[in-house]
Amino acid sequence: MNIFKKTIISVLASLFIMTNVYADKIKIGTEGAYPPWNSKDASGKLIGFEVELAWTLCRYIGKQCEIVEQDWDGMIPALLMRKFDAIMAGMSITDERLKTINFSQGYADEVAQLAVMKGSDLEGMDTPSGINLSIGGSSVKKALKTIEGALAGKTVCVQTATIHQNFLDSGDVGSVNVRTYKTQDEVNLDLAAGRCDVALAAAVAFTDYAEKSGKPVVLVGPTFSGGAFGNGVGVGIRKGGSGAIGERDAQLLKDFNMAINKARKNGDISRIATKWFGFDASM
Amino acid sequence: MDLELMINSFPKLLNATVVTLKLLSLSLFFGLFIGLLFAVMRMSKNLIINKFAYGYSYLFRGTPLLVQIFIIYFGFGQIELIRESFLWVILKEPYWCAIIAFALNTGAYTSEILRSAFQTIKKGYIEAGKSLGISSKIIFYKIQIPIAIRQSLPAYGNEIILMLKGTSLASTVTLMDLTGVAKYIISTTFKPIEVFIVAGSIYLFMTFIIHNLIKFLERKYNY
């Protein structure tokens, strides 16, 4: 056997051994650009509600974890391509996503709301304080009609591939002039610059931006839940296929559900949520 | 491989190709004028004009196109003074921000292509014109420019192809060009490979057309 062959075999062997060693490590994907859910500090370290919660859940599962960064618009494809094993990125549990991936039980509530700059004519919109699209009814219909009228002719900005975009594209509030951005930061920037008349995202994403930038961003209209907005935020996991890998994914789902139960019972989720959001968003 | 998705997404992507082609043609149109202007400035004997043109081409060829778009779109949008000026009418629109960035960028490359083309013209051609008593203005338009265009065709063809691919960055400032729509379809279907194969093929086809068009022009102006 010549040296060339030897080298190749030993490299392949080491790769094989490495995969086995790390096979039990849970890799969790997050965006790192959606404060206060998940973001990065000045040194580039991942921080936020979900980052802290992820470490807590891993402790309950009893396995080593690694948190990796992934752009939002490639989050689900990256999960499917096994770049990581779980998504914790403020991702709401929706029927559309459930067609492609599984979700653990919800761990937190994401409340969506419209935002404008102070002085906009959308301020003081006459709607109930919150509407649930799953429940429906005449008051929800009336509120949606009011919003449809208010958004007509306006440029509405959202982050791409979000529940917020799905809602605006769904036709519930008529045909809206939607502009999509890669990150929530960019939505905030263009809202402040005046390119967007109104934006839709998690209410905390706007309050966090207003607080940090000092820009007069105002929340308007009702808080949204249900329907296109899904049912809380959960851990996204691949649907268990066949074979050992499929079983591992199915086990991971069980592990996360168990860990969320424990974390909820021990008050960890409430504590971490209160720390990052300023209120208890746990569920 | 989801063949049905590929077939279904094709018409949507073809529609978006119109946006891509509009961005490309407008950028190249403005870029050619900018390029010609700065190429002439580069050949000027006036040191200030010469250095200014050099600085322009150095700046735009030395920084990534993505950075240029971000500065024009997100950067200028942060400046109160610009937002309150007449410039905001144009800079408010992502479409024009993209075209400005593309035109300035391709203008810088075009100026270098044209400058080197002008400089390869043999002195003898110009002297021949002069000895026949033709004015230097006519020599410039009838001798220098046609030769420069022929000389610069291969390099300029390359620049068109690079610019075509550069327009994909328009999707980063919310424009729904070919890449933007491809990303949108992926965000609802979660199948990047299929959609990007179709989008990539459309880009490849456009490159094929441009490549052959330039080849045809090269043969036509081969004197």
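## Helices on the sheet of chain A

The model described here is a predicted one.

## The sheet

The sheet is open and has six strands, which follow the order β8-β12-β7-β11-β9-β10 in chain A. Their pairing is mixed. At the edges are β8 (130-132) and β10 (177-181) of chain A, each of which pairs on one side only. On average, neighbouring strands are turned by 30 degrees against each other, with direction ignored.

Strands β7 (residues 112-117) and β12 (residues 217-225) of chain A run antiparallel and are joined by five bridges. In one of the pairs, V116(A) has V218(A) in β12(A) as its bridge partner. In general, strands of a sheet pair through backbone hydrogen bonds, and the pairing is either parallel or antiparallel.

## V220 in strand β12

V220(A) is a residue of strand β12 of chain A. V220(A) counts as partly exposed because it has 17 C-beta neighbours inside 10 Å, while a buried residue needs 20 or more.

Apart from neighbours within four places in sequence, V220(A) is in contact with L114(A), A115(A), V116(A), L122(A), E123(A) and M125(A). A143(A) is 77 residues away from V220(A) along the chain, and the C-alpha atoms of the two are separated by 12 Å.

## The largest nonpolar core

The largest nonpolar core has 126 residues. The members that touch the most others are A86(A), V156(A), A199(A), A201(A), F256(A), I69(B) and A98(B). Helix α6 of chain B, residues 94-119, gives the most to this core, with 11 residues.

For V156(A), leaving out residues up to four places away in sequence, the residues touched are L151(A), L168(A), V176(A), N177(A), V178(A), V198(A), A199(A) and L200(A).

## A helix pair in chain B

In chain B, helix α9 (residues 178-189) packs with helix α10 (residues 192-220) at an angle of about 165 degrees, and their axes are 9 Å apart. The angle is over 145 degrees, so α9(B) is roughly antiparallel to α10(B). The crossing of α9(B) and α10(B) is right-handed.

From α9(B), the residues L178(B), T179(B), A182(B), I185(B) and I186(B) meet P192(B), V195(B), F196(B), A199(B), I202(B) and Y203(B) of α10(B).

Key:
Residues are numbered from 1 along each chain as its sequence is written. Chains are lettered from A and ligands numbered from 1 in the order in which they are written. This is a predicted model: local features need pLDDT of at least 70, side-chain atom pairs count only at pLDDT 80 or more; totals for chains, interfaces and linings use all residues. Two strands pair if DSSP finds at least two bridges between them. Helices (H or I, at least four residues) and strands (E, at least two) are DSSP runs, numbered from the N terminus. Axes are lines fitted to C-alpha atoms, for helices over the stretch in contact, and angles run from 0 to 180 degrees between N-to-C directions. A nonpolar core is a set of buried Ala, Val, Leu, Ile, Met, Phe, Trp, Tyr and Cys residues joined through C-beta atoms within 7 Å. A residue is buried if 20 or more other C-beta atoms lie within 10 Å of its own, exposed if 12 or fewer, and partly exposed in between; C-beta atoms are placed from the backbone. Two residues are in contact if their C-beta atoms, placed from the backbone, lie within 7 Å. Angles under 35 degrees count as roughly parallel, over 145 as roughly antiparallel, 65 to 115 as roughly perpendicular and the rest as oblique. A crossing is left-handed if the near helix is turned anticlockwise from the far one by less than a right angle, and right-handed if clockwise.
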